Amino acid sequence: MGQVAWKALFLSLFDYKTEKYVIAKNKKVGVLYRVVQLSILAYLVGWVFVVKKGYQDTDTSLQSSVITKLKGVAFTNTSELGERLWDVADYVIPPQGENVFFVMTNLIVTPNQRQATCPESISIPNALCYKDEDCLAGKAVVAGNGVKTGRCVKDGDSIRGTCEILAWCPVEKRSKPKKPLLGSAENFTVYIKNSIHFPKFKFSKMNVLATSNESYLKSCYYSKEHPYCPIFTLGNIVQWAGSDFQEMALEGGVIGIQIEWNCDLDKAPSECNPHYSFSRLDNKFAEKSVSSGYNFRFAKYYRDAEGVDYRTLIKAYGIRFDVMVNGKAGKFNIIPTIINVGSGLALMGAGAFFCDLVLLYLIKKSNFYRGKKYEEPRGTETWGFSCTEGDSLCGGVGRPGWEPLAHVAS
Amino acid sequence: MGQVAWKALFLSLFDYKTEKYVIAKNKKVGVLYRVVQLSILAYLVGWVFVVKKGYQDTDTSLQSSVITKLKGVAFTNTSELGERLWDVADYVIPPQGENVFFVMTNLIVTPNQRQATCPESISIPNALCYKDEDCLAGKAVVAGNGVKTGRCVKDGDSIRGTCEILAWCPVEKRSKPKKPLLGSAENFTVYIKNSIHFPKFKFSKMNVLATSNESYLKSCYYSKEHPYCPIFTLGNIVQWAGSDFQEMALEGGVIGIQIEWNCDLDKAPSECNPHYSFSRLDNKFAEKSVSSGYNFRFAKYYRDAEGVDYRTLIKAYGIRFDVMVNGKAGKFNIIPTIINVGSGLALMGAGAFFCDLVLLYLIKKSNFYRGKKYEEPRGTETWGFSCTEGDSLCGGVGRPGWEPLAHVAS
Amino acid sequence: MGQVAWKALFLSLFDYKTEKYVIAKNKKVGVLYRVVQLSILAYLVGWVFVVKKGYQDTDTSLQSSVITKLKGVAFTNTSELGERLWDVADYVIPPQGENVFFVMTNLIVTPNQRQATCPESISIPNALCYKDEDCLAGKAVVAGNGVKTGRCVKDGDSIRGTCEILAWCPVEKRSKPKKPLLGSAENFTVYIKNSIHFPKFKFSKMNVLATSNESYLKSCYYSKEHPYCPIFTLGNIVQWAGSDFQEMALEGGVIGIQIEWNCDLDKAPSECNPHYSFSRLDNKFAEKSVSSGYNFRFAKYYRDAEGVDYRTLIKAYGIRFDVMVNGKAGKFNIIPTIINVGSGLALMGAGAFFCDLVLLYLIKKSNFYRGKKYEEPRGTETWGFSCTEGDSLCGGVGRPGWEPLAHVAS
């Protein structure tokens with residue numbers, strides 16, 4: 001028979017084996033199961049496919065380049081600077097036009113600083129002194145501007161003075177500005193050019209209308225009507241971020257400009273548009289705390305005829321703009337589709353598991369169903385095993401512990 | 001019996017319950033199911049394990065540091081600058097050698113600008129005027145260089161002139177350069193040092209041959225033969241990015257240098273190598289549009305003997321290089337392995353579900369199989385439930401609606 | 001009957017169908033299965049839920065802003081610079097206080113460079129010459145400072161000299177500094193202000209105590225006791241990164257400062273705290289290789305009375321600090337919870353599959369169980385199919401190849 005057996009064995013490989021089900025005419029559980037099935041289906045279709053676009057292969061490794069360019073001038077007339085005009089090269093730091101740029105809106109200038117000795121600013125606790133012994137020579141002033149020379153300088157006949165220091169003299173006066181010097185920066189415009197590329201799908205796009213019409217980009221401003229004219233006034237950006245420009249200009253701050261590219265490449269490329277959002281990145285809530293605002297110091301260095309260095313120290317307050325680009329593109333792909341359908345269906349198993357618990361342990365007739373669900377085979381190791389020795393065994397009881405009862409019953 | 005029952009109940013916990021299957025000797029569905037099984041298996045092995053390395057735990061939080069250093073000098077001889085030699089400190093902005101650096105390849109110099117009044121450039125529409133009334137005093141020129149003084153300056157007897165402005169004078173002439181001044185930047189070399197660290201696996205590596213042989217890094221260039229000599233000529237980088245250097249040098253642009261570390265830590269560390277790729281980040285396709293190119297303005301500030309500031313304004317065209325590092329490391333881990341195998345097998349359930357649909361609703365004998373698959377229990381609430389009252393019920397009919405027929409049949 | 005049939009058919013939709021199981025009283029497999037179940041359960045609860053917080057919806061798209069500010073002065077007294085005091089504006093590059101900043105700790109100054117001709121440094125191989133012919137006029141020195149003029153300059157009567165070049169003269173002397181000039185930078189302090197925002201959960205926080213108490217931030221230093229005082233001394237940062245400050249100050253290097261926000265928003269906001277970690281980003285292991293250290297060149301440009309440019313070239317060695325912020329927030333959400341439970345249960349299917357293999361092919365009685373598990377229907381296309389024609393078929397044999405035997409048996 002071997003020959004036959006092997007052939008049959010091979011054929012039997014192509015018999016389809018399907019689970020045997022027991023019908024429980026219990027409408028409660030039945031309805032429950034249908035509900036579970038429907039909700040899983042709803043989740044699968046609604047959430048996985050419609051919302052999360054589970055049928056798509058996605059690319060989040062965005063290649064992006066941001067080029068920014070500011071335009072605008074401001075005229076100021078102050079005591080220490082006189083009449084002065086500020087243009088881009090003056091107030092944009094750094095000048096490169098990268099994705100992070102700072103616009104100076106307020107400043108404290110300390111001109112003609114030279115390496116010399118002078119009394120430390122009185123606003124620094126560590127520099128206060130009554131006699132020279134309080135100023136240990138050669139020791140740096142904590143959070144100060146220089147190194148103590150050992151002398152205690154008092155103006156007039158006041159008993160308290162400040163240590164003399166070797167430093168860039170004169171030292172900066174800590175005079176918080178009352179109103180922003182470059183308040184008119186509100187009207188400056190910034191042009192944000194952003195090109196993106198999704199390598200996986202070889203898809204490129206930029207946020208500027210690819211026009212050869214010079215005048216368009218010279219005249220337009222960003223708006224719902226002109227989504228592809230990425231030219232903003234600083235005032236608008238700050239306002240959209242929910243802050244007040246003049247207030248920020250005084251103390252300084254950080255604004256985030258998010259550009260979001262969320263592209264469904266199953267649709268036309270023209271459907272893939274940038275979305276701009278603006279937010280204030282430095283702490284809003286602690287507005288009045290010491291840690292609010294944004295400023296830094298830098299110096300311009302000069303050399304006089306004798307070849308001696310001197311500098312102008314500038315404490316710059318202003319607004320830093322961080323342009324952040326992120327995005328993802330999706331395109332139909334068979335593999336994620338199958339996976340999602342499959343695992344969705346697999347979830348049904350979990351649903352059935354749950355309903356079984358109800359059926360087998362919670363409802364009144366559960367013992368009965370348990371008996372039907374779990375069939376207990378009996379018999380000797382014969383190939384052709386038969387039911388004849390007691391039909392009760394075709395069905396059988398889930399809990400062998402109650403076997404005796406079963407026999408009584410049959 | 002309680003005692004016995006509980007013991008039995010406990011024992012029964014360790015009875016293994018396996019689903020009962022009905023064999024459908026239908027070769028069509030059988031083959032279909034085997035095909036489904038095989039494809040799931042193929043997917044699991046081929047895609048999940050071989051391609052996606054599903055048996056590995058991965059770390060994508062790469063710690064990376066990039067240090068760049070340029071070398072090279074260029075000699076120029078122009079009317080306004082005379083003979084001039086450009087070295088690294090002149091043409092690299094910013095100088096720090098971070099992962100983003102700009103190489104100046106072309107420039108418009110406007111020397112000796114001072115705060116004064118002068119006519120605005122005629123290229124700015126807003127500044128054109130016919131009479132003084134056209135120049136509202138104190139108003140900034142839109143997209144211009146200064147603030148109007150109220151006078152309209154006409155050269156000679158032309159009827160049209162430009163408003164006089166208070167600005168850094170003289171204003172820049174909008175003379176697009178014909179050929180790149182620093183075209184020889186093509187031969188400059190850049191050394192890109194990149195060290196990475198995968199914290200999860202405590203794995204560190206860098207893209208430079210860890211040699212103490214001074215001369216090697218002085219002489220070598222990057223190539224397939226020297227993958228660990230990260231020294232490139234700018235010309236090659238631009239060429240590999242698919243652009244023409246001289247053309248880019250004229251208008252400016254942005255080049256992305258991706259360094260990809262894709263490490264399989266189950267293999268030897270020497271298998272974990274960097275892969276370089278180069279791409280042009282600013283828009284290629286809109287080459288001729290107004291939005292192409294990359295340039296910015298910056299100034300060098302001087303002070304004359306009288307202590308008056310003046311500056312040299314430089315409009316710099318050039319190429320910005322963004323070095324982007326990303327990578328991921330994988331190492332065998334039991335948990336993802338189990339998960340992937342498990343969910344792969346779970347997918348089989350979905351396959352069976354699909355084949356069941358075919359078996360039960362699409363093929364000719366489907367009613368018959370439905371009858372076999374769905375067994376309908378009948379009987380009173382007795383523990384030992386027996387089949388005897390009508391064998392037909394051991395099998396039974398999937399759709400109770402046809403019960404009557406069934407009785408007729410038996 | 002149609003009417004009845006349809007009604008019944010509809011009702012039957014709400015019959016619950018549960019798989020039929022065969023009880024295998026095989027303790028080995030039973031125990032095995034329970035073990036599998038328990039381990040899956042353990043994985044689900046322990047790993048997925050407790051460790052990975054699988055019941056949470058997470059947001060990893062962190063909006064972060066970093067503002068850094070250094071404090072401290074250093075006094076130096078060297079031959080070429082004389083007595084000099086260094087403050088923030090002198091040693092921090094760039095000055096903006098962004099998340100990447102460089103502190104100069106050592107430098108080589110080459111003052112008063114002018115465009116002129118001078119002999120190239122002898123340390124450059126390409127510039128060595130014996131006669132003028134060795135110096136091809138107009139050719140740039142490879143890795144050098146200028147363009148050859150065609151003359152070979154020899155000092156005294158030595159037979160070997162270096163080519164004369166047109167360059168910024170005099171050229172820099174390659175004198176590696178012996179000890180860091182600004183070694184006292186170890187005591188400089190840096191204040192790192194970091195505000196974060198999780199857009200999905202509208203949750204904002206910063207790493208600074210929101211206090212209006214001026215003095216606190218003036219006096220405190222970061223420590224376990226003061227986690228919300230982000231003020232560090234450079235010395236500590238370098239030490240925590242496992243390096244020696246003085247050694248780094250000499251050669252330069254890169255330090256990474258990671259700030260990790262790992263927030264469980266099901267807990268109180270006060271539970272969401274930043275965690276700082278410090279690591280050296282440039283290669284530790286190749287300490288002595290030529291590729292170690294970090295330095296760059298920059299120049300300060302001056303103009304003399306005749307309007308001729310000259311500059312001071314500075315080769316700056318120092319430590320670059322990269323502040324990297326990353327984080328993720330999690331909040332309970334029903335969908336991921338269901339998904340994780342579901343797929344966990346689905347895994348049980350895989351476990352059963354595995355145990356079936358054991359039961360059906362590995363154990364002694366496997367043939368018997370195979371027979372019970374796979375029921376083979378037989379019969380004509382009648383609605384009410386009956387078992388009577390050979391009870392053996394209610395059970396039946398898994399492998400039809402053995403059918404004949406089966407008949408013999410019954």
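Which cysteine forms a disulfide with C:C263? The partner is C:C272, and the two sulfur atoms lie 1.8 Å apart in this predicted model.

**View 1. Strand 15 of chain A and its two partner strands.** Strand 15 of chain A spans residues 253-264, and ten of its twelve residues are buried, so the strand is largely enclosed by the rest of the structure. With strand 18 (residues 309-332) of chain A, strand 15 pairs in the parallel sense over twelve bridges; here A:G256 stands opposite A:D322. With strand 16 (residues 274-280) of chain A, the pairing is antiparallel and runs over seven bridges, and A:I257 stands opposite A:F278.

**View 2. The disulfide between A:C263 and A:C272.** The sulfur atoms of A:C263 and A:C272 are 1.8 Å apart. Both ends are buried: A:C263 has a relative accessibility of 3%, and A:C272 has one of 2%. Counting bonded cysteines along the chain, the disulfides of chain A follow the pattern 1-6, 2-4, 3-5, 7-8, 9-10. Over all chains, the structure holds 15 disulfides.

**View 3. Disulfides of chain C.** C:C220 and C:C229 are joined with their sulfur atoms 1.9 Å apart. The torsion about this S-S bond is about 85 degrees, so the disulfide is right-handed. C:C220 is buried at 8% relative accessibility, and C:C229 is buried at 0%.

View 4. A:N187 lies in the loop between strand 11 (161-169) and strand 12 (189-198) of chain A. This residue is exposed, with a relative accessible area of 60%. An unreviewed UniProt entry annotates A:N187 as a "glycosylation site".

Key. Residues numbered from 1 in each chain as written. Chains lettered and ligands numbered in written order. Predicted model: local features only at pLDDT ≥ 70, side-chain atom pairs only at ≥ 80, totals over all residues. Heavy atoms only, no water. Buried < 20%, exposed > 50% of the residue type's maximum accessible area, 1.4 Å probe, protein only. Helix = DSSP H or I, 4+ residues; strand = E, 2+ residues; numbered from the N terminus. Pairing = 2+ DSSP bridges. UniProt positions renumbered as here; feature names shortened; annotations may be inferred. Disulfide = S-S within 2.5 Å.
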